[in-house]
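Hello,

Here is the structure I promised to pass on to you.

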Amino acid sequence: MNTVNTATPAKTNDTVRKLVFAGVFAAITYVVFTFLSIRIPTPGSGQVSVHLGNAFVVLGALLLGSWYGGIGGALGLTIADLIDPVYIVEAPITFIIKLLIGVIVGVIAHRLGHISTETDTKKILRWVIIATVAGLAFNAVFDPLLRYFYKILILGKPAAEVSFAINFVVTLINSVVSAVIDVILYMALRIPLKKVGLFFNLG
């Protein structure tokens, strides 16, 4: 007797939708960084940017999980670096750091907190805050640190040290603002996305 496997089409559908959403987040992070950032010059003809791109890397991971959310956000910010002469040499670092943000947020939010299947709003909020803070704290420390070591090889140690100080402060500001925005957006989007069938159960 032949049986029909109905799980495969549903799973394929889910994967396609996640890929589409990942593309949307890639586009959003690209636009936010490229057109809505405040550029601050640093020694050695460099720049750091006040922007909300990281907020959408985290939001992507909260909604799509580690890999789809992380890769979507990482691709958007990496493409933005690749087409910008100031940031092009730092594109590989951007991709690695932003992907790791997504992985950290996704693991904490979904594997530990199970936020997509949890029904207790207070528990959801708590795990969203924990995951968001963990991912952006990682970014606040390791983004400027990795760029510092990279710039030592290009700019020389004195310039790299000054750039590190500026980059650390700016990254910290980005992270704090992004964390607040992420928590608000995720909690606000859960119910509307469920109503239209676009909320992913990642349990």
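Predicted model: local features only at pLDDT ≥ 70, side-chain atom pairs only at ≥ 80, totals over all residues.

I began with the cavity. The structure holds one cavity of 30 Å³ or more, and about 230 Å³ of space lies in the largest cavity. Among its 20 lining residues, Phe-33, His-51, Tyr-87, Asp-143 and Arg-147 are the closest to the centre. At least two lining residues come from each of strand 2 (46–50), helix 3, helix 4, helix 5 and helix 6. By type, the lining has nine polar, six charged and five nonpolar residues.

Next, the largest pocket, with a volume of about 240 Å³. Its lining includes Lys-18, Trp-67, Tyr-68, His-110, Arg-111 and Leu-202. Helix 3 and helix 4 are the elements that give two or more residues to this lining, and helix 4 has the largest share, with five. Six of the pocket's lining residues are nonpolar, four polar and two charged.

Finally, the largest nonpolar core has 36 residues, of which Leu-62 and Tyr-186 touch the most other members. Each of helices 1 (7–35), 2 (53–64), 3 (66–82), 4 (91–112), 5 (121–155) and 6 (157–195) supplies at least two core residues; helix 2 gives the most, nine. Beyond its neighbours within four places in sequence, Leu-62 is in contact with residues including Val-105, Ile-115, Val-128, Asp-182 and Tyr-186.

Methods
Residues numbered from 1 in each chain as written. Heavy atoms only, no water. Core = buried A, V, L, I, M, F, W, Y, C linked by side-chain atoms within 4.5 Å. Buried < 20%, exposed > 50% of the residue type's maximum accessible area, 1.4 Å probe, protein only. Helix = DSSP H or I, 4+ residues; strand = E, 2+ residues; numbered from the N terminus. Contact = heavy atoms within 4.5 Å. 1 Å grid on protein atoms, 1.4 Å probe; cavity = no way out; pocket = protein on both sides within 12 Å on 5 of 7 lines; lining within 4 Å. Points joined across faces, edges and corners; volume = space filled by probe spheres on them. Nonpolar A, V, L, I, M, F, W, Y, C, P; charged D, E, K, R; others polar.
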